Amino acid sequence: MKVNGDLNANLRCQSTGDPQLDKAVHQWLNWDKNRWTRAQVESLVAAGQWDDLRSRLCGRMSFGTAGLRAPMGAGFSRINDLTVIQSTQGLFSYLSRYFADFSSRGVVVGFDTRGQEESGCSSQRLARLTAAVILSRDVPVHLFSTFVPTPYVPYAVKKLGAAAGVMITASHNPKEDNGYKVYWCNGAQISSPHDKEVLQSIEEQLEPWSASCWDEELVESCSLRTDPLTQINSCYMDELTSLCFHRDLNSSCPLKFIHSSFHGVGHVFVQQAFQTFGFAPPIPVPEQKDPDPNFSSVRCPNPEEGESVLELSLLLAEREDARIVLATDPDADRLAVAEKSDGCGWKVFTGNELAALLGWWMFFNWKENHPDPADTQRVYMLATTVSSKILQAFARIEGFHFEETLPGFKWIGNRMHELSKTGNTVIFAFEESIGFLCGSMVSEKDGVSSAAVVAEMAAYLHNKNLSLNQQLHNIYQTYGYHVSKTSYVICNDPPTIQKIFGRIRNFDGEGSYPKTCGGVRIVHVRDVTTGYDSSQADLRSVLPVSRNSQMITFALQNGVVATLRTSGTEPKIKYYTEFCATPGKSEVSSLEEELRKVTAALLDEFLEPERNNLIRRFV
């Protein structure tokens, strides 16, 4: 023991030559009680890895579109025991100042199936430490006893009247990552000003309050801890019946469904949702139904990547003669869908295509149950601004309301809450990255309910001798073809991202945006980062300014809308293009060719992948 103590003393005395880094190393070794992450810092100091230490210890995480998200491991800029304890202390302090009745309302805490052995770090452990911090201050915690889908946390927050909720998850990110997602009392993810106030509150008390904050066992012994799993699961499945419109058809449905939970939480919950709708349970992909923090059978745990990551699901579907494949991401808040084509092969639907189908389906059933046209006045659909404008086309013809929000479901969730206060109903909302919400049970995207709704829609259409893809084309015939392309490049160097967007803002001289893209005139530019919008009389963006992320949208003369933005959760520059045709215009191949040319030009002219060493998406 003495040898170890001497080594630690030597490490603390060893100077890195950088006073700021010395202080950060000293703080880390003083505060961190996790032997794995302590050892990581100690070995980096011993090896003189100053740059690595600087990146780990000299910066902190901030709230992006999905809360705090970073690789697991040692350091103030990573997800680990200490940063989760610090984050919870800051959140606790802010909540206790904000809510007079905080000590009776408490906090909901959930977790997914992630983990990293070499950091002694798992979502479950981090959730238990989150609970321990709050319990150590005599405030109740509703901690789920097992992993749950992300939407269960905001659902429980509203159902139990909690002050807030925390979900430990990194959703579909690589296995190295984890995250800390915070929900407000309205069930929506926290947004401004709460997110900034919580970050400030975290900074004000970085040192762990007491040994109790590290005591995982507190959740077993403290009477203020409850397990909401049985109650919330039961309420959720009961309420899910409000989205089931054709149960009689479902029970006799001849279609077979395959489900992959991508080694995450979804298997049990999707099975139950199917049974709630009167279906036989979907056939699970055996290699992927059980939790596995290494996501061993997939190249990356993101079903949005399409056919390349759905390989096992599609093979099983071929063997089982199943026509529909459903895949939920590891925390089951997003849903991918594929359908067997009539010829051969599979149609993997994009998020925008699925939204066209689900938006049509939700309004079709809503209208069946509300024949009075006056009722349509209080109906809304929402989408993020980088998503397809198909819902806008629906709204124009059907007479309901459509609104756009900034990217990220937190904006949708908060807007839903505002609309509900004035007696309006959001019947469908989505973001193009396969995030859907049918109805308004939760203020978050939900892969579990969406899977059951897609199954019922497929069963209904099958009964009419229609496939999902055929119905999609029927929708486009009625409302106009909306052909879109969404992809990304990877950029691991933040200064390069700044340089790229700086160049776009000064493309034709200082303060002058590009005038053409691929030879097509740019009619309008909207820059949400700076608040500029050339289509507005006062040149100010209607969407809120979002200075800590990059996003520029171009409207072209030929009807294409193109957006470039940085991801809020990964080192990516995403690009989105869409061609919105008028109803009746059905030359799809010419629309697709036009879109392909503009998309290629957007990439080559504005992002310059080769010059900037950007990594193109591997498909």
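What share of the chain is helix and what share is strand over residues 236-340, and how far apart are the end C-alpha atoms? Over that stretch the chain is 30% helix and 16% strand, with the end C-alpha atoms 31 Å apart, where helices (H or I, at least four residues) and strands (E, at least two) are DSSP runs numbered from the N terminus.

Before I go on, please keep in mind that this is a predicted model, in which local features need pLDDT of at least 70 and side-chain atom pairs count only at pLDDT 80 or more, while totals for chains, interfaces and linings use all residues. Residues are numbered from 1 along each chain as its sequence is written, and side-chain values use heavy atoms, with hydrogens and water left out.

The stretch I opened with is part of a UniProt annotation, from an unreviewed entry, that reads "domain: Alpha-D-phosphohexomutase alpha/beta/alpha" and covers residues 61-205, 236-340 and 351-479; such annotations may be inferred rather than shown by experiment. Over residues 351-479 the chain is 54% helix and 17% strand, and here the end C-alpha atoms are 18 Å apart.

Four strands form an open sheet of mixed pairing, in the order S15-S14-S16-S17, and two strands are taken to pair if DSSP finds at least two bridges between them. Strand S15 (401-405) and strand S17 (435-438) stand at the edges with a single partner strand each, so one side of each is left without a neighbour in the sheet. Inside the sheet, strand S14 (residues 379-384) runs parallel to strand S16 (residues 425-431) and is joined to it by five bridges, and Val379 has Thr425 in S16 as its bridge partner. Helix H16 (residues 390-398) lies across S14, S15 and S16, running at about 155° to S15; the axes are lines fitted to C-alpha atoms, for helices over the stretch in contact, with angles from 0 to 180 degrees between N-to-C directions, and contact means heavy atoms within 4.5 Å.

As for the whole chain, there are 21 helices and 25 strands. Of the 619 residues, 59% count as buried, meaning under 20% relative accessible area with a 1.4 Å probe, protein chains only.

Ser512 is buried, with a relative accessible area of 16%, and, leaving aside its neighbours within four places in sequence, Ser512 is in contact with Ile504, Arg505, Asn506 and Phe507.

Conventions:
Buried means under 20% relative accessible area, exposed over 50%, partly exposed in between (1.4 Å probe, protein chains only).
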